[in-house]
Amino acid sequence: MATVTASTPRSLPTHLLRHRAVHKILLIALAAAVLVPLANAQWASGSWPAALTVDLTKPLGSASDWIIDNRDSHPLFLYFFGYLSNAVVISVHAVYVVLLGAGWAGVTALGALVAWRVAGLRLALGTAAAFLACGLLGMWVPTMQTLALMVVAVLASVLVGALLGLAAGLSPRMDKILRPVLDTMQVMPAYAYLLPVVLVFGMGVPAAVLATVVYAAPPMARLTALGLQGADKGVLEAVESLGTTARQRLLTARIPLARKELMLGLNQTIMMALSMAVIASVIGAGGLGDRVYQALASVDVGAALAAGIPIVLLAVVLDRVTGAAGAVDDSAEDAGRAAWAYALAGAVVVAVAGRLLGRLDWPDAWTLNIAEPVNRAVDWMTAHLYSGVPVIGGTADWAAHFTTWILDPVRDGLQALPWWSVLLVVATLSWLIGTWRTALTAVLAMAAIGVLGVWTPALDTLSQVLAAVAVTLVLGFATAVAAARSDRFDRMLRPVLDVFQTMPQFVYLIPVVALFGVGRAPAAAAAVVYALPAVVRITTQGLRQVDPAAMESSHSLGATSWQQLRQVQLPLARPALLLAVNQGVVLVLAVVVIGGLVGGGALGYDTVFGLAQGDLATGLVAGAAIVCLGLMLDRVTQPTERRTGKGA
Amino acid sequence: MSTTATMEKPPTTDNPVFSVDGLWKVFGPKADLVPEDAELAALDPADLRERTGCTAAVRDVSFDVRKGEVFVVMGLSGSGKSTLVRCLTRLIEPTAGTICIDGEDVRAMDKSRLRELRRHRAAMVFQHFGLLPHRTVLDNVAYGLEVQGVGKAERRARAAEVVVKVGLEGMEQRKPSQLSGGQQQRVGLARALAVDPQVLLFDEPFSALDPLIRRDMQEEVVRLHREEGRTMVFITHDLSEALKLGDRIALMRDGKVVQLGTPEEIVGSPADGYVREFVRDVPREQVMTVRRAMQPGGCAGPTHPGALAPDAVVADAIKVVAERGGPACVVERGRCLGVVDHERLLGVVAGTQLRDGSPAPRSSEGASGASGTELRKEAV
């Protein structure tokens with residue numbers, strides 16, 4: 001613990017912080033001195049004491065049995081969930097039929113024309129190319145399945161999110177209630193949302209859509225609320241002075257003023273929905289995600305890639321088009337509805353033409369089978385790159401080394417620690433960085449994991465997270481420092497980051513499986529790749545936003561660039577660095593958990609196993625533990641005192 | 001400038017449009033207790049804050065705004081003037097006191113009546129314009145009419161007329177972000193004018209503008225007032241703006257009105273040291289009229305040499321007296337009211353002479369020294 005204090009206070013308010021930090025440490029030490037011997041005497045064991053666990057398997061098992069038994073008879077299911085589920089199935093199916101009915105030419109034309117109206121010619125061409133590529137890869141039907149599911153899920157998410165956001169944006173009381181909930185939902189791994197909906201709806205499209213809605217609605221709600229609250233007070237006052245009713249104010253001023261945030265919300269919701277729609281293949285979403293899932297299960301990298309590329313293309317196109325829609329300036333002239341009418345008419349014409357020509361389905365002759373060549377390439381890599389490459393070793397060797405030298409020691413170390421000392425470390429870290437409230441939440445979340453009886457696998461997952469975060473931070477900070485110091489490097493890096501940040505978590509598994517095989521190391525590698533762009537971006541931004549006057553003055557005093565970095569940039573960018581750590585941890589956890597699909601083991605595996613075997617109790621407990629782990633990791637790394645938001 | 005403005009102003013009548021009596025606005029916990037409690041009400045701002053945690057932005061303010069006049073509320077930032085003008089249409093809810101518009105109690109109005117007041121009777125122009133960024137100039141101007149439920153064609157036609165009136169012809173289809181600050185404020189002004197309100201309220205409308213554009217806009221307001229004779233309540237922190245535009249000026253400090261009067265009264269007979277300090281650098285000859293400067297009593301002859309109107313400012317009288325080389329008469333409807341000579345005029349410029357002809361009281365801070373410098377400055 002002493003090392004912790006020595007290393008943390010290294011910035012401007014050092015005196016104050018040290019002062020407060022010392023107080024906190026002393027308090028914790030005092031509490032520990034009293035509690036630890038007691039706890040140790042009562043439940044002396046290295047791992048979480050069995051006496052303190054509550055076995056939820058039986059009640060959860062019987063609950064899920066009850067639900068399964070009553071799904072067709074109980075009024076709650078018949079008259080509520082049943083209708084909900086039917087409505088989802090019908091609407092997804094309807095959209096799917098429409099998409100198939102429009103034919104590949106019609107869908108491509110519609111996509112391209114909408115992109116043209118919203119974002120210009122370049123993106124229109126890009127959109128058309130992306131759709132054609134999906135067909136070319138032989139993935140037209142799964143792409144349409146995913147798209148149909150997305151359309152329904154996004155519409156529902158936007159509706160739910162906008163309503164919640166409206167409530168929070170207009171009523172401060174509602175905002176107070178919703179904000180912590182939405183904040184917490186934001187940091188939860190997508191995976192954790194799957195099980196509860198499966199419990200109620202069973203595997204299938206309804207569960208997939210609802211999980212997607214639950215996952216994708218929060219950003220819409222947050223941004224809607226933000227936009228409504230951030231409206232220019234002067235404009236609102238002027239509008240009120242003209243005698244508007246509350247409704248007029250909302251429709252003519254508040255909502256139009258929040259347009260940017262609303263479009264950003266739409267963009268984020270679409271991206272999150274895509275990400276989730278792909279992951280939801282685990283609970284029967286079908287479509288592209290399912291193809292990836294199946295292919296990964298049989299380690300068929302070629303097939304996984306063929307389904308993964310359309311996902312990436314969809315993600316990039318959707319992100320760019322909706323992003324461009326949000327970026328349209330207020331000052332731009334409205335080109336009017338005529339152009340839209342032309343665009344839609346054009347799409348209809350193409351669709352009808354395709355229909356008349358009998359070219360509805362993507363012609364088989366036009367598909368390009370990339371699975372085989374890719375698999376050959378992977379085989380070659382397995383043969384030549386996996387191991388035995390002179391001097392540098394092979395990728396599999398690296399993975400093995402990473403596992404034996406880093407993952408194993410960290411995991412074994414964590415699991416060997418007495419349970420109370422883990423709680424103590426969590427408490428100390430989170431209190432030093434945040435408030436006593438965040439510390440309490442973090443400790444309770446960690447303890448809940450023990451109580452759920454999944455202490456050991458949770459620590460396994462935690463070890464993967466810690467190792468991956470460490471790698472991410474080292475790589476991310478180094479890249480960010482380079483990008484912050486060289487404009488050229490920054491310009492080169494930016495488009496790469498843009499693409500990487502839009503991709504759904506799931507597709508990161510494909511290349512790492514190709515490179516490293518299966519196991520814990522590839523899961524960690526996928527997590528690193530997924531979290532890296534965000535960390536680099538936040539850090540670069542933080543370093544670049546350092547007050548130019550401070551930089552100039554240190555420059556004028558003759559500081560070397562190393563001194564400048566160490567003494568000016570890093571200390572001043574401290575909030576950004578902390579945020580980068582927080583984001584890194586949250587993102588890494590999200591992927592490490594998904595890594596259960598490719599041999600990551602631990603909690604992620606338990607969840608998949610539970611789903612696959614219909615053993616919902618195991619899955620649910622693991623899912624709950626993931627939630628707790630996410631909560632704990634977020635709180636431990638969240639510098640709440642310096643943020644405007646409330647504590648836990 | 002002010003000469004023409006004051007001389008050609010439409011006549012004001014004595015019917016008050018706004019009648020404000022004992023108005024209080026207190027921010028903070030249990031704010032409504034402060035005005036009722038005589039002891040708390042008498043505290044100065046710092047003590048009040050310490051005792052109750054409340055800030056009194058407007059303290060026991062009373063005034064009437066007469067029909068057709070430009071009523072200026074002037075004060076430095078934090079004096080409560082912006083809060084005061086917002087209380088008039090209850091954009092900020094007053095804590096105590098009464099506000100009447102045309103004899104109707106504003107504080108007793110229900111929601112729909114209040115909306116009616118804001119829609120038709122009082123329109124406001126804001127310091128930061130408050131335009132809707134997603135609408136064109138024309139639709140911004142028409143917004144007030146849209147809120148009233150006027151049909152699209154009619155409101156656009158009416159808005160187009162007002163756009164011309166404020167000199168924005170040809171910019172109807174631009175968005176606010178494409179306009180300069182001065183143009184944006186013209187849109188704000190047009191939006192207020194479009195609803196044809198009984199009273200125009202201005203909240204420091206020109207503070208955010210460059211000096212030259214500010215002068216243009218001030219002249220625009222003078223012109224509009226001359227043409228339409230609309231009642232205006234004008235908030236400003238700029239003394240020269242207040243003197244230029246105001247028929248009457250209420251000078252506020254710490255939420256209280258310290259003096260209410262015509263520009264001439266404020267400059268000529270400051271109520272206290274604060275006001276005197278405030279008006280110290282005002283060129284008196286531009287504000288004071290010969291009615292004040294003259295030696296009362298008619299001249300002997302029937303010719304009335306010089307023949308100045310009583311509303312003429314001292315600067316004009318100086319010209320006449322200098323050209324004649326002797327005293328000039330002040331004449332109203334063919335009757336001689338008094339005589340001004342160079343001595344009395346100089347006395348006004350120096351600030352040493354008051355209405356009754358006695359020397360101005362000297363304040364202990366050495367007002368005479370200040371006046372002395374000023375005299376020299378003026379003479380150069």
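Predicted model: local features only at pLDDT ≥ 70, side-chain atom pairs only at ≥ 80, totals over all residues.

Me: How many helices and strands does chain A have?

Reply: Start with the secondary structure: chain A has 28 helices and 0 strands. Then look at burial, where 48% of the 648 residues in chain A count as buried. For contacts in chain A with a separation of 6 or more, 80% join residues 24 or more positions apart.

Me: Into which domains is chain A divided?

Reply: Domain 1 covers 62-375, while domain 2 is written in two pieces, 396-548 + 559-642. Taken over C-alpha atoms, the centres of these two domains of chain A are 27 Å apart.

Me: Which elements of domain 1 of chain A touch domain 2 of chain A?

Reply: Count the residues on both sides, then ask what supplies them. Here 31 residues of domain 1 meet 33 residues of domain 2 in chain A. On the domain 1 side, the elements giving two or more residues are α7, α8, α12, α13 and α14 of chain A. The most come from α14(A), with 9 residues. By class, that side has 25 nonpolar, 5 polar and 1 charged residues.

Me: And how many residues does the contact take from chain A and from chain B?

Reply: The contact takes 16 residues from chain A and 21 from chain B. On the chain A side, α10 (233-241) and α11 (246-257) each supply at least two residues, and α10(A) gives the most, with 6. The classes on that side of chain A are 5 nonpolar, 7 polar and 4 charged.

Note on methods
Residues numbered from 1 in each chain as written. Chains lettered and ligands numbered in written order. Domains from an automatic or database assignment. Contact = placed C-beta atoms within 7 Å. Helix = DSSP H or I, 4+ residues; strand = E, 2+ residues; numbered from the N terminus. Nonpolar A, V, L, I, M, F, W, Y, C, P; charged D, E, K, R; others polar. Buried ≥ 20, exposed ≤ 12 C-beta atoms within 10 Å, placed from the backbone.
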